[in-house]
Amino acid sequence: MVSLMPWDYYYKSHEFDGTLDTVYWTTAVTAGGAPTAFAFNAQRNGAIRGATGTTDDGATAISYANTFFNPADRPFFWLRWVAPAAVTGFQFEIGLSDAKTDEALPGFTDIDADPPTVGNGTTDIGCVHMDTDQATGTAYIGGEGATGAALSTTLVNRAGTAWTPTASGIIDVIVGVEPNLTRCWIWDSLAPMGIMQSVAQGPDTGVLVRPYALFRTRNTTSKTIDLLSAVVVAERNRTT
């Protein structure tokens with residue numbers, strides 16, 4: 001419905017069915033191990049494909065080229081992607097944040113900690129983050145802003161079991177932020193993983209953020225990621 005109300009909502013649907021539109025998107029990779037940046041891949045309905053390369057901690061990432069979403073406008077980012085054939089030795093982070101110092105590194109540097117730690121030049125962030133190198137190795141939702149300490153909580157399915165993506169599964173991650181609040185909802189292999197989950201922390205009002213996604217190998221096995229589509233929505237609340 002939001003696509004029919006352009007005066008009330010910013011709405012942009014991205015079908016990755018051709019050359020990546022660099023007006024909207026920018027890519028980043030780490031050095032070494034031959035990672036590949038996201039680029040068009042000819043497959044059913046189209047996709048963009050990236051790979052982490054074979055160097056431990058190698059990464060491929062994508063983000064909006066410009067940073068202009070105010071958390072007060074409740075932006076959200078919906079990304080449909082295909083998980084790699086192996087989800088061991090794997091890290092991903094998908095969400096909205098201010099610009100990072102290095103776009104090929106995550107914003108959360110320790111999601112397991114209490115409180116979790118944020119770095120890489122990031123001050124305001126809301127995301128879904130998983131890192132099999134950490135103690136739990138399952139997915140979290142995390143948020144941080146200037147107000148209060150960072151927060152994170154384990155993502156669970158409807159049975160209360162901690163979630164990790166299914167190998168080679170089609171994964172839908174929706175992350176939305178508003179001032180000092182982060183929400184997410186996930187589908188795994190086209191089935192709802194659980195109910196919408198949230199943490200009472202996220203970017204502050206007025207700190208502009210943009211959508212991004214990062215994928216990283218945590219061993220020497222390259223992880224290939226296909227991004228199938230993305231949707232970005234935000235309210236239009238500006239009055240001056």
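1. Let me start with the charged pairs: the count comes to 10 salt bridges, a salt bridge being a side-chain nitrogen of Lys or Arg within 4 Å of a carboxyl oxygen of Asp or Glu. Please keep in mind that this is a predicted model, where local features need pLDDT of at least 70 and side-chain atom pairs count only at pLDDT 80 or more, while totals for chains, interfaces and linings use all residues. Residues are numbered from 1 along each chain as its sequence is written, and side-chain values use heavy atoms, with hydrogens and water left out.

2. One of these bridges joins Glu 235 and Arg 74, at 3.2 Å from N to O. Because Glu 235 lies in strand β18 and Arg 74 in the loop between β5 and β6, the pair ties together parts that are 161 residues apart in sequence. Strands here (E, at least two residues) and helices (H or I, at least four) are DSSP runs, numbered from the N terminus. Glu 235 counts as partly exposed at 23% relative accessibility, and Arg 74 counts as partly exposed at 40%. For these labels, buried means under 20% relative accessible area, exposed means over 50%, and partly exposed is in between (1.4 Å probe, protein chains only).

3. Next comes a bridge between Glu 103 and Arg 210, with an N to O distance of 2.5 Å. This pair also links distant parts of the chain: Glu 103 sits in the loop between β7 and β8 (108-110), Arg 210 in strand β17 (residues 210-217), and they are 107 residues apart. Glu 103 is partly exposed, with a relative accessible area of 22%, whereas Arg 210 is buried at 1%.

4. Now to the rings. A pair of aromatic rings is described by the distance of the centres and the angle of the planes. Rings of Phe, Tyr and Trp (its six-membered ring) pair if their centres lie within 6.5 Å; planes under 30 degrees apart count as stacked, over 60 as edge-to-face and the rest as tilted. By this rule the count comes to 16 aromatic pairs. Tyr 10 and Phe 69 make an edge-to-face pair, because their ring centres are 5.2 Å apart and their planes stand at 80°. Tyr 10 belongs to strand β1 (residues 9-15) and Phe 69 to the loop between β5 (59-64) and β6 (76-82), 59 residues apart. Tyr 10 counts as buried at 15% relative accessibility, and Phe 69 is buried at 3%.

5. Phe 92 and Trp 163 form another edge-to-face pair, 6.4 Å centre to centre with 75° between the planes. Phe 92 is in strand β7 (residues 90-97) and Trp 163 in the loop between β12 (151-154) and β13 (170-178), 71 residues apart. Phe 92 is buried with a relative accessible area of 0%, and Trp 163 is buried with 5%. Returning to Tyr 10 and Phe 69, they belong to one aromatic cluster that also includes Phe 16, Tyr 24, Trp 25, Tyr 64, Phe 68 and Phe 77.

6. Which residues touch the most other members of the largest nonpolar core? Of its 40 residues, they are Leu 79, Trp 81, Phe 92, Ile 94, Phe 215 and Leu 227. Strand β18 (residues 224-235) gives the most to this core, with 5 residues. A nonpolar core is a set of buried Ala, Val, Leu, Ile, Met, Phe, Trp, Tyr and Cys residues joined through side-chain atoms within 4.5 Å. A second, separate core of 7 residues includes Phe 108, Ile 125, Tyr 140 and Ala 150.

7. Finally, the cysteines. A disulfide is taken as a pair of cysteine sulfur atoms within 2.5 Å, and a search of the whole structure finds 0 disulfides. The closest cysteine sulfur to that of Cys 127 is in Cys 184, 9.5 Å away and so too far for a bond. Cys 127 counts as buried at 0% relative accessibility, and Cys 184 counts as buried at 3%.
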